[in-house]
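Subject: Structure for your review

Dear colleague,

My notes on it come after the sequence and coordinates.

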Amino acid sequence: MNPITRYIVKLLFVILLQVVALKNLELGAANWWITPFIYFVIILDLPVKFNPLLSMLIGLVFGLVIDAFYDTYGLHASAAVALSFFRYYLVGFVLPRDGFDTGSSITIRNVGTVKYLVYIGILCLIYHLWFFAFEAFTFDSFFLRLSQAFVSSFVAMSILILLHFSFIKFDKY
Amino acid sequence: MQNIIRLLQKFQVVLMFCFLQVLCLILVFSGNNAFHRASIASSSNVVVGGFYDLSHSISSYFHLKKENEQLLQENLSQKKQLYGSQIEVGKSFMTINDTIYFQQYNFIKAKVINSSITAPKHNFITINAGEDLKVEPNMGVIGTKGIVGVTIASNDSYSTVTPIINANFVLPIRHATSMTFGRVVWEDDDTYLTATVIDVPSSVAVDVGDLIETRGSAGIFPEGVPVGKVLAVEPVSGQTYQKIKIGLIEDFSAIYNVSVVKNIKKIDQQEIEKQTMELYQQ
């Protein structure tokens, strides 16, 4: 499948998954800790040497889309822009020394499982920390907020890995 | 000038990041006032609102069963208040409690799990409420539109009902327009859509379309529950009553939810009637 078509399919699917399924997650008391966001995988999936300015703009646009659904006025946009920014510097660390096609994105097959998990884990954590920090915008109940971010990003990471494998299957059809 | 541009180019990513962050944070912190709440970046705009409408219209199908259950429950509580199910008890000289009204009829909801409509004489209905729900023989059963029948036997969790469309069924009724009493029976020429009213005097003018309702005298049903509508009136030669064919209000071919009527004062009524009969026999 054409990589751009594939990217658009994944984009639509991920945004739907975010605003239809994950937004309506009902887990009772655990709901407070588990508010995973996964839509930013569309930024993580951009090619390695993608223009950082453009990727921040993409983050802004889709952050605002999610903001519209969540009524959060720019919180997600801010977090997504920050994610794109940090991703730009982090990509260099997970790439192999040589022989990497800079036009392709980071996948398990390209960089190996461990590096992929590190890449996804760190960026998930950055996103959630940024989001929960700006949502609270106070140092009250700091550790509670911190645990909220950690648990949510762990859940988000698990979903992202599932998503990754399901799209590998999807590619085969 | 050259140097400034080169500097900007060198730090373009950081500068862009700062610029976008400031933009976002302005949006975040101005989001608290009412003007921005109504602005385009909220769920009240046409696209997002329309999307939520769509997703709700799909997800609401998953709750239909629960909603139905709730509506049934509500119907039941409404029915309790209707049909004159409350009688006054506070008319004596002294009232100790301030309770003027006393609940006479209670309703238990039940589902029809088996029924027949085509038997020549003895149709029956089975409902899923039995002795565990205090259902006993000789209790009235009301459907969603009108009466269904009277329970005849019950075990732990099921009861059988003699519906109107059974040759053994007899119930005192009244003609709603003239309030004249009669009885409803099911004769050989009746189908599952009809029944026959006898004992209404010939002098009473009965028109096609008049409502026949329960009389409430046997203590089985409350007063005024619909039974049927008059289809045809036939005079019977040599008799003082007329024969009335009625079309049943309850559709016995599609009957699912019923409520069983429990008359709390029934034993009192039976007792006093029995005492009276004994008085005559002496």
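The notes below describe the two chains, their contact, and the confidence of the prediction.

**Confidence**

Please bear in mind that this is a predicted model. It scores ipTM 0.84 and pTM 0.55. For chain B the mean pLDDT is 81, with 87% of the residues at 70 or more. Residues 89-98 of chain B have a pLDDT below 50, and beyond near neighbours in sequence this stretch makes four contacts in the model. Where pLDDT is low, the predicted coordinates should not be read in detail.

**The two chains**

Chain A has 173 residues, of which 36% are buried. Its secondary structure consists of seven helices and zero strands, so that the order of elements from the N terminus is α-α-α-α-α-α-α. Of the contacts in chain A with a separation of 6 or more, 66% are between residues 24 or more positions apart.

Chain B has 282 residues, and 26% of them count as buried. Its secondary structure comprises six helices and 14 strands. Among its contacts between residues at least 6 apart in sequence, 54% join residues at least 24 apart.

**The contact between the chains**

Chain B contributes 18 residues to the contact, and chain A contributes 19 residues. On the side of chain B that touches chain A, α2 (12-30) and α4 (46-59) of chain B each supply at least two residues. The element that gives the most to this side is α2(B), with 10 residues. By type, the residues on this side of chain B are 10 nonpolar, eight polar and no charged.

Val81(A) illustrates how the chains meet. Leaving aside residues up to four places away in sequence, Val81(A) touches Met56(A), Gly59(A), Leu60(A) and Gly63(A), and also Phe17(B), Leu20(B), Gln21(B) and Cys24(B).

In soluble globular proteins, nonpolar side chains tend to be buried together. In this model the largest nonpolar core has 48 residues, and those with the most contacts inside it are Tyr39(A), Phe40(A), Ala80(A), Val81(A), Leu83(A) and Tyr127(A). At least two residues of this core come from each of α1 (3-21), α2 (41-44), α3 (52-70), α4 (75-94), α6 (113-136) and α7 (142-172) of chain A, and from α2 of chain B. The largest share, nine residues, is that of α6(A). A second, separate core contains 39 residues, including Ile165(B), Leu171(B), Val225(B) and Val258(B).

**The strands of chain B**

Six strands of chain B form a closed barrel in the order β3-β4-β7-β6-β5-β14, with antiparallel pairing. From one strand to the next, the twist averages 45 degrees. Within this barrel, β5 (residues 140-142) and β14 (residues 257-263) of chain B pair in the antiparallel sense over three bridges. There, Ile142(B) stands opposite Ser259(B) in β14(B). Helix α5 (residues 64-81) of chain B lies across β3 (105-115) and β14 of chain B, at about 135 degrees to β3(B).

Further pairings involve β10(B). Strand β9 (residues 180-185) of chain B pairs with β10 (residues 194-201) of chain B in the antiparallel sense, over three bridges, and Val185(B) stands opposite Thr196(B) in β10(B). Strand β10(B) is also joined to β13(B) by six bridges, and these two strands run antiparallel. In this pairing, the partner of Val197(B) in β13(B) is Ile244(B).

**One residue in detail**

Ile246(B) belongs to strand β13 (residues 241-248) of chain B. Is Ile246(B) buried or exposed? Ile246(B) counts as buried because 24 other C-beta atoms lie within 10 Å, where the cut-off for a buried residue is 20 or more. Not counting residues up to four places away in sequence, Ile246(B) touches Thr194(B), Ala195(B), Val197(B), Ile212(B), Val227(B), Gly228(B), Lys229(B), Val230(B) and Leu231(B). Val233(B) is 13 residues from Ile246(B) in sequence, and the C-alpha to C-alpha distance between them is 8.8 Å.

Yours sincerely

Conventions:
Residues numbered from 1 in each chain as written. Chains lettered and ligands numbered in written order. Predicted model: local features only at pLDDT ≥ 70, side-chain atom pairs only at ≥ 80, totals over all residues. Contact = placed C-beta atoms within 7 Å. Helix = DSSP H or I, 4+ residues; strand = E, 2+ residues; numbered from the N terminus. Nonpolar A, V, L, I, M, F, W, Y, C, P; charged D, E, K, R; others polar. Buried ≥ 20, exposed ≤ 12 C-beta atoms within 10 Å, placed from the backbone. Core = buried A, V, L, I, M, F, W, Y, C linked by C-beta atoms within 7 Å. Pairing = 2+ DSSP bridges. Axes fitted to C-alpha atoms, helices over the stretch in contact; angles between N-to-C directions. pLDDT = per-residue confidence, 0-100.
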